[in-house]
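Hi,

Here is the structure I said I would pass on.

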Amino acid sequence: MSSTLYTLFTKPIAKSQLDEREYRLIKLENGLLAMLIQDAQADITAASLDDLVAVGHLSDPVKNEYSELLKDNGHSNAYTAPANTNYYFRVATSVLPRALMRFSAFFHSPLFAPSCTTREMNAVDSEHSKNQKKLTG
């Protein structure tokens, strides 16, 4: 097994000249892409990853523990686009390590609890169908 958990893309990322944030694009060893954005002026933190089914994971077996962490410290959401599903969260910087650990575990150690998997698959399929109707008009 490789000791490198991600690959850092080194090509410069195009941004506005007024944008003082720093950007990094990484590819995780499982193929997922993540955009890391650093804003020294921010008092909140956000993360966005491409693809996820948030139905619990092995290191957080208590259903809704992730949601409970975000309840007083931020929020999360997702949307399905024609080519991918994007999941993201915003969280107080003070709880970023805990939130990022739980969020990333959805990808590297998914539990796929039967009680939640069908509901999540139907939700993603429904949103995808809605988007396809918009495209074909």
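A residue counts as buried under 20% relative accessible area, exposed over 50% and partly exposed in between, with a 1.4 Å probe and protein chains only. This is a predicted model, where local features need pLDDT of at least 70, side-chain atom pairs count only at pLDDT 80 or more, and totals for chains, interfaces and linings use all residues. Residues are numbered from 1 along each chain as its sequence is written, and side-chain values use heavy atoms, leaving out hydrogens and water.

Let me start with helix α2, residues 96-108 (helices are DSSP runs of H or I, at least four residues; strands are runs of E, at least two; both are numbered from the N terminus). Its buried residues are Ala99, Arg102, Phe103, Ala105, Phe106 and Phe107.

The largest nonpolar core has 12 residues, among them Leu32, Tyr66, Tyr87, Phe89 and Phe103. Such a core is a set of buried Ala, Val, Leu, Ile, Met, Phe, Trp, Tyr and Cys residues joined through side-chain atoms within 4.5 Å. Two or more residues each come from α1 (65-71), β6 (85-92) and α2, and α2 gives the most, with four.

Now to two strand residues. Tyr6 sits in strand β1 (residues 6-9) and counts as partly exposed because its relative accessibility is 44%. Leu33 belongs to strand β3 (residues 33-38) and is also partly exposed, at 35%. Between Leu33 and Tyr6 there are 9.3 Å in space, C-alpha to C-alpha, and they are 27 residues apart in sequence.

Happy browsing!

Definitions and conventions: The expected span of a helix is 1.5 Å times one less than its number of residues.
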